[in-house]
Amino acid sequence: MMLTLSDILNNVVPVFFYSGLVVFAMSGGLRAIQADMDLFGVLMVGFVTGAGGGTLRDILIGALPVNWVSDPTPLAILFPASLLAYGVHSINWSNRAIFNWIDAIGMAVFCVTGAAMTMDMGLHPVICVMMGVITATFGGLIRDILCNIVPLMLRQEIYATAALLGSTLYVGMDLMEMDPALSALTGMSAALVLRGFAIRYKFN
Amino acid sequence: MMLTLSDILNNVVPVFFYSGLVVFAMSGGLRAIQADMDLFGVLMVGFVTGAGGGTLRDILIGALPVNWVSDPTPLAILFPASLLAYGVHSINWSNRAIFNWIDAIGMAVFCVTGAAMTMDMGLHPVICVMMGVITATFGGLIRDILCNIVPLMLRQEIYATAALLGSTLYVGMDLMEMDPALSALTGMSAALVLRGFAIRYKFN
Amino acid sequence: MMLTLSDILNNVVPVFFYSGLVVFAMSGGLRAIQADMDLFGVLMVGFVTGAGGGTLRDILIGALPVNWVSDPTPLAILFPASLLAYGVHSINWSNRAIFNWIDAIGMAVFCVTGAAMTMDMGLHPVICVMMGVITATFGGLIRDILCNIVPLMLRQEIYATAALLGSTLYVGMDLMEMDPALSALTGMSAALVLRGFAIRYKFN
């Protein structure tokens, strides 16, 4: 018996989604630590960064109660992941570069999962692309506003543009009825590569 | 055969609504250009300025999915209109005065359309007045926060007060069962005139 | 005939809820006056501070239209209470200490009413605790953002932690089927005492 890409997808998408939660919560926790917040602040900013994009998406499309109220499982991931930020922060590498890469992975994952979730609901493809971008960027936007720094997204063109590329590729391939797992991997990879070029170019 | 005011209204209200979208998206695009944002920032701030007020209103009254998710037509207006801001910006007039007038037209139109939409749903008149003010002011509030300037609305009393006057007049005339087109034109004109006096007084 | 605690509760909870509205609206009005806002700004910030937490809670759990749209009674409390801030401001005591105590009472009341409302809807206890914290803190968070000061909640650990203590105690006692009135009073008192210690320690 062989596993097809579609079989794998059913296991892969939740894994991607939870990985996205982990890295975004860590990015939120890191920013909060860098802003000298206390434990509660680290937990709160980690939660908002990980859950914020999906929460706004759920509200806009009317999928209420929002996902983490209907099923609180993400909370069991977001709070511990926020605490991981203390570990990452204590390692004396260039925090800023690490932060940007962690954030980039979260963005790449969420632009596809946000688009995929809304395509499954049969919404207009343009709306699905926007929901992918919103899911990928809104958590980080609130994170930066709460930590009182100019949002990453508004300073760097390649940030939201990378999310736009990823969700557009996924939605386009899905409309052409290509394999969902392949579409998801293509979208995520393209978003991550484009954002990665921007990070390398800025920090080298 | 004669056209009554009510016949005209059915064509006039959408025209007003779309004009409001155009001028608010332009005002958002202008602010983003003045804040040295890139193309993506201009499109995003334009979209948020035009769609933000109606989006918050839809969420508060529970009209979900929000209007531009159910019917993405406004997107086809908001994105091109945001780009018009490059044209307005390049004309070397006093940008600040132009900006204020464009913004004033959007406010005057939306305070009435926001109140009209909620009156049609049978909500309490006081709530309808508030929804008119929210529809008229929230997009501009987010625009100014995203562009990191003190919101227009919080600096100038006559801004939100003008929206309040326009939506109160509309709701009052509607309660007295006056002609909707006349009520709408009265509300918009009053809001625009009051705000216009404030602009003239400040800039002369 | 004797009144039981439960009989009293039916009259007590609305009283608490309306008291919370009053003090939060006053705290919003005070901040707006201290930020040199005009009458409209005072009314708006008072309204947002009093209604903001419950509004976000209603949106997240899908209880739409939000409470003050379905039943505008709170408006009749919030707007007059905002104006009371002029009276408090004019008394030449230490405004900052008064402000903190008024705000603390609102927080203590709302962390319990927010948790109680969601427990009654049968949501997961962890979600109910979070909704208590959100109801208690979000209005003040927007208040401080609108008035352009660093949010109280992000500066002082004991602020949100006190709300967390109050809502956790209420939810825990409710799960153990203890008397609702006793649970509510215990949660409120604990939150207020903990926050009170933080205020005294800072200002003495």
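Biologist: How many salt bridges are there between chain A and chain C?

Modeller: In this predicted model, the count between chain A and chain C is zero salt bridges. To score one, a side-chain nitrogen of Lys or Arg would have to sit within 4 Å of a carboxyl oxygen of Asp or Glu.

Biologist: What about residue pairs in polar contact across the interface of chain A and chain C, how many are there?

Modeller: The rule finds one residue pair, with both residues at pLDDT 80 or more. The pair counts because a polar contact needs N or O atoms within 3.5 Å.

Biologist: Which elements give two or more residues to the side of chain A that touches chain C?

Modeller: Those are helix H2 (39-61), helix H3 (67-70) and helix H4 (73-90) of chain A. H2(A) gives the largest share, five residues.

Biologist: And what makes up that side of chain A by class?

Modeller: You get 14 nonpolar residues, one polar and one charged. Asp, Glu, Lys and Arg are the residues that count as charged, so one residue from that group is on the side of chain A that touches chain C.

Biologist: How do you put a size on the area buried between chain A and chain C?

Modeller: The size of an interface is often given as the accessible area lost when the parts come together. For chain A and chain C, that comes to about 1,500 Å², and carbon and sulfur atoms give 85% of it. As for contacts, 16 residues of chain A meet 21 residues of chain C.

Biologist: Now to chain B and chain A: how many residues are in contact there?

Modeller: On chain B, 16 residues are in contact with 21 residues of chain A. The buried area is about 1,500 Å², with 85% from carbon and sulfur atoms.

Biologist: Let's zoom in on one residue. Why is Thr168(A) called partly exposed?

Modeller: Its relative accessible area is 40%. Buried would need under 20% and exposed over 50%, so Thr168(A) falls in between and is partly exposed.

Biologist: Where does Thr168(A) lie?

Modeller: Thr168(A) is in helix H8 (residues 157-175) of chain A. Between Thr168(A) and Met130(A) there are 8.9 Å in space, C-alpha to C-alpha, while the two are 38 residues apart in sequence.

Biologist: What lies 2.5 Å from a polar atom of the side chain of Thr168(A)?

Modeller: That's the backbone oxygen of Leu164(A). The cut-off for a polar contact is 3.5 Å, so the 2.5 Å between Leu164(A) and Thr168(A) is within it.

How values were computed
Residues numbered from 1 in each chain as written. Chains lettered and ligands numbered in written order. Predicted model: local features only at pLDDT ≥ 70, side-chain atom pairs only at ≥ 80, totals over all residues. Heavy atoms only, no water. Contact = heavy atoms within 4.5 Å. Buried area = accessible area lost by both parts, 1.4 Å probe. Polar contact = N/O pair within 3.5 Å; in protein donor to acceptor, adjacent residues only side chain to side chain. Helix = DSSP H or I, 4+ residues; strand = E, 2+ residues; numbered from the N terminus. Buried < 20%, exposed > 50% of the residue type's maximum accessible area, 1.4 Å probe, protein only.
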